[in-house]
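Thank you all for coming; please have the sequence and the structure open while I talk.

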Amino acid sequence: MSYIKRFKTILHHPTDSFQEIIKSPSFFKTSIIIIISSIVYTTIAELGMFNSLMPHFIAAYAIMFTVIWFLPTTISMIFFKIIGKKFNSESYIEANALSIFSILTLCFIFFTIFMIYSNIFAEPKRTAYFAMVYYNQWYPLLIIGIIGVILIFHRVIRIGQLIVKAKIHQTIIIWAISAIISIYIAYLIFRGWL
Amino acid sequence: MKLNFFKPYIPTIIFIFILIAVMNITYVPYPNIIRFSESDYPNEYVPTMIVPGEYLKISKSFDKVWLGFIELKSEQEKIKIPDDFSPGWYNITLQTNGVNTTINNSIYITPISINDFTFIQITDFHTDCYDGLDLQERKNVFNLVNEIGPAFVVDTGDMTNYGLEKQYMYYKMIISELEMPLYTIPGNMETYSDPNLERYTHFLGPGNYYFYFGKILFVASAALHSPRSWGGFDSSQIKWVNETLSKDSDIKFLLNHIPIVAEEGRDYNFVPWGWKEGHFSQIEDGYEEIVKILTDKKVNVLSGHWHGYSNKFQYKGATFYNTPSVTRMSGIKEGPRFRLFQIQNNSIIYDKVLDVEKFYITHQYKSNQTQVKIIIRNEEGFFVPLNLHIKLSPSVPSYSINKGIIIKQSSGDIWIKYNAPIGESSIEVLPII
């Protein structure tokens, strides 16, 4: 299986991707792809949200985008190690990063469609930020977000079984704690800084 | 071996460091340091309001002075505005050593008494990049402001969505229809695409200045941390605010977009460093110094920023008004809102938040603009003090009204003071024959 196969199957057959990652982990390569995509996503999002490119906000949203997958993955890995699980850290981080990132990509595609609609076809036309924050148009994105969270939880449980060899309830508890800590840190970046 | 262990994580760690560096490089802790002092008045950005019969103080040296085209006599850097001067906007021309300097629209002769007046605080206007219904909704807000007829309007920031040129142009277009002076300060949104507030200064002038209405002092302060939604006062800003608030006055107001003291933190509630002595503040730097100044001088502070939040909070003698936004807010039923103040004999006797969609004024003109019926529908749940400005035919020398008080008549322009009760009421203006 070539390296790129792990990307091809991550959405519809995530287990195949995880098996490939277990065989030949390559977080270095995967993280570079995620980083480049993050820059592209945040730049496009910035344009649709504000009709303008502002370096401070591109960096801030890219940090948020990175925090969303990097923090809970790292925190949950530490917790699994604390409870005595022995597994390959690189495989674990890469599998989780790829899972979360693929779902975030789907959400981003939906968000891009929303931005194009809002800025070009809607009446009245509104920048995406304006439409969501001031005119109640965030519900579709919330639904996509909830579906995304469910899909991510499904994948982290599979990763817990395949890579960590953890029981389902252990994965759920550890990921719930990791998610709460990460959400609070993301909140502090979003509200405490921005 | 150790390097190999860290190798997979190097790109992510470097990326995070680069992002933090970009955020720090693009962070401007204290934008817009332009601060007006006494020698900057009169100027075209901060109009001076004056009542006929009062003295206008001019700190610039001059030999002769004209208001509009009328030359006025000066008495030791002061000029007396004649009692018969018509209300409105005036250019002032100062002659020094034979050279004339004209400052456009720098003087506003107000028809409203300095002992009994209203003013409006609007905030968080959020003009977007597009024309259409959203822009029309904002025009309607200023149409109603014109109808209510306050002595002046203060806008406590976030007049644009991200400080873009097109948004300023739309905002300027909307405010051009305002009859009375408007005083603005920048909010955090203005710093989003304009971290040093150069665009704001170009379109709307300085961020730090002061003005008077009678003996009431208003100090405008731009204490922002660009482009963040938190604010702060550095030592020079604290010094300027302290000196400016120390000017002789009966009541003092400070205009600052970011809430300095608030009862709660809204969606910032879980940011631990926002909590200070049992209340919330979004001021990071200079918090203790500025609160001491405000409480010592018993200042009334007007803020916005939190959109859906309407609150009046008293703390150690100072009063902190947080006014809800003109822009709608997801999840909030009310329409565009603003706060109306009434000041009588140097006391604030009225401060209410009005919902634009609950107050309507219509005019029915008859007989070649020599009669008018003004119909007022007030669904706010409280009375609303109005200074109605009616433009009727100047061919009729004098008019009478069936309700309210005529405070001024000037060739067809009539100003009527009237407290609009809850429900529907009407005023008829008829010619005296």
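Within what distance do the axes of helix α6 and helix α7 of chain B come, and at what angle do they cross? Before I answer, let me say that this is a predicted model, in which local features need pLDDT of at least 70 and side-chain atom pairs count only at pLDDT 80 or more, while totals for chains, interfaces and linings use all residues. Residues are numbered from 1 along each chain as its sequence is written, and chains are lettered from A and ligands numbered from 1 in the order in which they are written.

Now to the answer: the axes of α6 (residues 235–245) and α7 (residues 287–296) of chain B come within 10 Å and cross at roughly 0°. Axes here are lines fitted to C-alpha atoms, for helices over the stretch in contact, with angles running from 0 to 180 degrees between N-to-C directions. The two helices, α6(B) and α7(B), are therefore roughly parallel to each other, a label for angles under 35 degrees, whereas over 145 counts as roughly antiparallel, 65 to 115 as roughly perpendicular and the rest as oblique. Helices (H or I, at least four residues) and strands (E, at least two) are DSSP runs, numbered from the N terminus.

On the α6(B) side, Ile238(B), Val241(B), Asn242(B) and Leu245(B) meet Glu289(B), Ile290(B) and Ile293(B) of α7(B), where contact asks that the C-beta atoms, placed from the backbone, lie within 7 Å. Sorted by class, this contact has five nonpolar, one polar and one charged residues; Ala, Val, Leu, Ile, Met, Phe, Trp, Tyr, Cys and Pro count as nonpolar, Asp, Glu, Lys and Arg as charged, and the others, Gly among them, as polar.

Let me turn to the strands of chain B, where two strands pair if DSSP finds at least two bridges between them. Strand β25 (residues 371–378) pairs with strand β30 (residues 423–431) in the antiparallel sense over seven bridges, and Lys373(B) stands opposite Glu428(B) of β30(B). β30(B) is also joined by three bridges to strand β27 (residues 399–401) of chain B, again antiparallel, with Ser400(B) having Leu430(B) as its bridge partner.

Elsewhere in chain B there is an open sheet of three strands, in the order β2-β6-β5 with antiparallel pairing. Its edges are β2 (55–57) and β5 (74–75), each with a single partner strand, so one side of each is left without a neighbour in the sheet. Between β2(B) and β6 (residues 78–80) of chain B there are three bridges, and Leu56(B) has Ile79(B) as its bridge partner.

Next, the domains: chain B is divided into domain 1 (52–109), domain 2 (116–356) and domain 3 (358–431), with bounds that come from an automatic or database domain assignment. The centres of domain 2 and domain 3 of chain B, taken over C-alpha atoms, are separated by 30 Å, and their contact takes 14 residues from domain 2 and eleven residues from domain 3.

Finally, between the chains, the contact takes 34 residues from chain B and 34 residues from chain A. On the side of chain B that touches chain A, α2 (10–25) and α3 (133–148) of chain B are the elements that give two or more residues, and α2(B) gives the most, with seven residues.

Notes
Contact = placed C-beta atoms within 7 Å.
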